[in-house]
Amino acid sequence: MAFMEKNLETALVVIDVQNDFCPGGHLAVPDGDQVVQPINQLFENFTHIIFTQDWHPAVHSSFASNHHGFEPYQTVSMPYGSQILWPDHCIQGERGAEFHAQLDVNQASVILRKGTNKDIDSYSAFVENDQKTPTGLHGYLKEHNINQIVLVGLATDFCVYYSAMDAAAKGYNVLVLIDCCRAIDLDGSLQQAQKAMGTNGISLITANEFLSSASHEL
């Protein structure tokens, strides 16, 4: 089965492989560090490689610590809708916001920081949670005539999921390499995300399946 579409310019988008999302971090994704080497091994197959980086101010509105009487993983209402409250994480300039030390950051064509506005959280690599504020990724991809993206990183059921869904809605051919991602799986969020991605035409495949398909398209 071929997963790569012929004649489509492709980019790899590496989502939030940062210390706070890896074991020992403030919002650790189980086995989050296990994606690092598989992702590194993909780089030689791409010309366009985009890294996203959560980059929050310490007073970010998505942090439970900034809401009196609330605990992490509770939900509050924001002007743009419902918002899960998180432990403080990926604070600008702190170690937790840095990329994992073994991730080959030198391969990045561009590093895109998100979640920088203290009043709006940002899961997707394309648009912040208000669904109005763009990150600049869509413009970059269009400028380089990219119409197919491959997504990897953390976490499958949040930032990878929202990025994939927004990419599909914008007309990109989207592939998620499931063995190069890890999930938080908050109250069944992984199963819900996988179902929604499949329903929206997003291919959920392994890195080996992708590389095998890509080799046949070359």
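**Close-up views of the predicted model**

Figure 1. N145 lies in the loop between α2 and β6; helices (H or I, at least four residues) and strands (E, at least two) are DSSP runs, numbered from the N terminus. The model is predicted: local features require pLDDT of at least 70 and side-chain atom pairs pLDDT 80 or more, while totals for chains, interfaces and linings use all residues. Residues are numbered from 1 along each chain as its sequence is written, and side-chain values use heavy atoms, with hydrogens and water left out. The phi angle of N145 is positive, near 55 degrees, in a residue other than glycine. N145 is exposed, at a relative accessible area of 58%; here buried means under 20% relative accessible area, exposed over 50%, and partly exposed in between (1.4 Å probe, protein chains only). D185, located in the loop between β7 and α4, also has a positive phi near 55 degrees and is not a glycine. The relative accessible area of D185 is 43%, which places this residue in the partly exposed class. Just after α3, G171 adopts a positive phi of about 95 degrees. The peptide bond between L154 and A155 is cis, with omega about -10 degrees, and A155 belongs to the loop between β6 and α3. Most residues other than glycine have a negative phi, and most peptide bonds are trans.

**Figure 2. The salt-bridge network of D16, D54 and K114.** Three salt bridges are found in the whole structure, a salt bridge being a side-chain nitrogen of Lys or Arg within 4 Å of a carboxyl oxygen of Asp or Glu. D16, D54 and K114 form a linked network of such bridges. In the pair of D16 and K114, the closest N and O atoms are 2.8 Å apart. D16 sits in the loop between β1 (10–15) and α1 (36–40), and K114 in strand β5 (residues 110–114), so this pair ties together parts 98 residues apart in sequence. The salt bridge between K114 and D54 has an N to O distance of 2.9 Å. Because K114 belongs to strand β5 and D54 to strand β2 (residues 48–54), the second pair ties together parts 60 residues apart in sequence. D16 and K114 are both buried, and D54 is buried as well, at 3% relative accessibility.

**Figure 3. The salt bridge between K118 and D119.** D119 and K118 pair with their closest N and O atoms 3.1 Å apart. Both residues are partly exposed: D119 has a relative accessible area of 42%, and K118 one of 41%.

**Figure 4. Surroundings of D54 and S122.** Beyond neighbours within four places in sequence, D54 is in contact (heavy atoms within 4.5 Å) with D16, Q18, F21, H89, C90, A97, K114 and S122. S122 is placed in the loop between β5 and α2 (137–143) and is buried, with a relative accessible area of 1%. Besides D54, residues touched by S122 include K114, G115, V127, E128, N129, T135 and C159, with residues up to four places away in sequence not counted.

Figure 5. One cavity of 30 Å³ or more is found in the whole structure. A cavity is a set of points, on a 1 Å grid over the protein atoms alone, where a 1.4 Å probe fits but cannot get out; lining residues have an atom within 4 Å of a point. The largest cavity has a volume of about 120 Å³, volume being the space filled by probe spheres set on the points, which are joined across faces, edges and corners. Of its 14 lining residues, F21, L27, D54, F158 and C159 are the closest to the centre.

**Figure 6. P87 in the loop between β4 and β5.** P87 occupies the loop between β4 (81–84) and β5 and is buried, with a relative accessible area of 17%. Apart from neighbours within four places in sequence, its contacts are H26, L27, F63, P72 and Y73. The C-alpha atoms of P87 and F21 are 11 Å apart, although 66 residues separate the two along the chain.

**Figure 7. Packing of helix α3.** Helix α3 (residues 156–169) is mostly covered, with eleven of its 14 residues buried. Among the buried residues of α3 are F158, C159, V160, Y161, M165 and D166. The buried residues of this helix pack against β1, β4, β5, β6 (148–154), β7 (173–182) and α4 (189–199).

Terms used: On a 1 Å grid over the protein atoms alone, a cavity is a set of points where a 1.4 Å probe fits but cannot get out, and a pocket is an open set with protein on both sides within 12 Å along at least five of seven lines; lining residues have an atom within 4 Å of a point.
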